[in-house]
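Biologist: Hi! I'm new to this one, could you walk me through it?
Modeller: Happy to, here it is.

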Amino acid sequence: MNLSDLVFIVTALITVTAAVGVVGFKNIVHSALSLVLSFLGVAALYFQLQAGFLGLVQILVYAGAVSVLIIFAIMLVMDKDPDESNRSHAKQKYWGGLIALLVTLGLGAAIGSTIWPQSSGSLPEDSVGALATLLLGDYVVAFEVAALLLLVAVVGAIILAKGAGEHD
Amino acid sequence: MESLFLDIAQTLTGWLQSLGLSAVWADFILLIIQFACVAGIVTINVIILIWLERKVSGFIQLRLGPNRLGPWGAFQTIADAIKLLTKEDIIPTRTDKWIFRTAPLFFITVAMMLYLVIPMGDGMQIVDLNIGVFYFISLASLSTIALLMAGWSSNNKWSLLGAMRSVAQMISYEIPLTFSLLGVIMIAGSLRLSDIVAAQSNIWFIVFQPVAFITYFIAATAELNRGPFDMPEAEQELTAGAYTEYTGMRWALFFLAEYTNLVAVSAMASTMFLGGWQGPWLPSWLWIIIKTYIIMFVFMWIKWTFPRIRMDHLMSFSWKVLLPVSLANIVVTGVGIYVFKWMGWC
Amino acid sequence: MLSDYSTIGIFLMLTLAFPLAAMGMAWAVRPKPKCKPDDEKLLPYECGVDTIGRTWSRFKVNYFLYALVFLAFDVETIFLFPWAVKFSQLGLFAFVEMLLFIGILLIGLWYAWKEGALEWH
């Protein structure tokens, strides 16, 4: 086992432990902060794969924006004792565990049975530029649809939040 | 003088390799020394900046400022640092202990990580990342989490309200901040900070991007929670915002991180808009220090000149003025580049 | 030579050590009272007035709405960055595509504006 394997195992362990913490913590704010740690761990994994841009996107969008959104959403509905805010019910726990196990097994089987092609070429020097060329060239429809999706998300969430505000 | 630090680094790596160390280990030891330099820069800058802030505010308000300890009160901040170091550590009973303890550590770590990509002179960058600007933006966005951690865990109404306001303000101004940098990236055609500095060897980008510079400056002021955008820690209403419950070294770390961010953001402004380390006669590392300090002086000047802006004005200013302006700037820059090409000017 | 990202990793470790060292130094020199401080001292500081009610309570919907619009524009930035880098090489068609992209998001901003989601009540 060389150093890079060790770094990978440590980062993966931190990421998975943090993800388990999201489910396990009794206090939902602790869960949210644990989720931030998990996001950062995933970003670190991207960096180890030399996917710098993707790692930074993970930090900017997930750790920097999505988690703020989650915490603000928690603060919007916080009306119980925070230590009891993320209770798990016994029944849900077993079903959840079962489903998680099945997903893990399914993914494991899929990963195990896939033959991963290994590219012999070197890493692209200018990955961001290549991304731009692809995004605005071959995948331009998907790119514009992404904008529409963002628009729909904003409009939908505003309608939902407005509705919630009126009932107060 | 120009290559003083580079020569030192080169001599050091040469000497380490002559001792039989491999290139990787020599690099590793050099990195530790570079880190020590960054830690030194951060600490010394904070000591100078707090003294400067007090002197500048005193000058603007027709006061003397600190003047007892040492020449022009220069040792005042050192005395303050020693005082903070020797203060009793108080963690209130109702706090969320672990988050309370981690928040300052997280904040200062994020702030110091920003120095990794800043070019502090010709070739004086710890990592010349090919996505340097994006690295800076992403890492800077993490400080909101640290503030939320501090505000939540303190279990104090001032703290939580201050943190929530801070974060709402910071996320609002982050978008114009990012967009204002895009104009520069479009002209330079690179996210690598050394390329952006090199592209300014003839004309500084502030000439092409005056609107972007002003947008960046305003957004950065809000991002740093400095006056006149210091609503989140408005002393008269919220005592000290998210930091209310912190004492001693923990509080000092927050303060250190705030000034560390100030230096980083100012250094970034001089790199993106004012030609970075480029300048005549003086060595490159001195130029970036001069430019950064001039920008920081303007930050202080603004802070002590303008009254605080009301919260609703502050939020609507970002979304209804700065964001449309910065978006328009991107479009105008795009059209401008085509006009320049068409006229054959570049 | 260390690679870019391993340098970042090592630097992160060192940076984490910095505040820990500072805390350790403070721990070494600061006074440590023998007896436990009394309860009054460890109350939250709310300008001398006893704290009323719970701190961890509900916040208004405004914060959430700002965070939401912020998220949409944050996702837009990650598309804008690659485009801006390659702007000169991509040509006019890509510029028009990006204008369309920005335009669609501006509709979202206009809607949020119209619905008062950007208003601080």
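Biologist: What distance separates the centres of domain 1 and domain 2 of chain B?
Modeller: In this predicted model, the two centres, taken over C-alpha atoms, are separated by 20 Å. Domain 1 of chain B covers 1-79 and domain 2 covers 87-343, with bounds from an automatic or database domain assignment.

Biologist: How many residues does the contact take from each domain of chain B?
Modeller: 16 residues come from domain 1 of chain B and 20 residues from domain 2 of chain B. Two residues are in contact if their C-beta atoms, placed from the backbone, lie within 7 Å.

Biologist: Which helix gives the most on the domain 1 side?
Modeller: Helix 2 of chain B, with 11 residues. Helices are DSSP runs of H or I, at least four residues, numbered from the N terminus.

Biologist: Changing topic, how many residues of chain B are in contact with chain C?
Modeller: 61 residues of chain B, and they meet 48 residues of chain C. Helix 7 of chain B gives the most to the chain B side, with 12 residues.

Biologist: And what does the contact take from chain C and chain A?
Modeller: 39 residues from chain C and 42 residues from chain A. On the chain C side, the largest share, 19 residues, comes from helix 2 of chain C.

Definitions and conventions: Residues numbered from 1 in each chain as written. Chains lettered and ligands numbered in written order. Predicted model: local features only at pLDDT ≥ 70, side-chain atom pairs only at ≥ 80, totals over all residues. Helix = DSSP H or I, 4+ residues; strand = E, 2+ residues; numbered from the N terminus.
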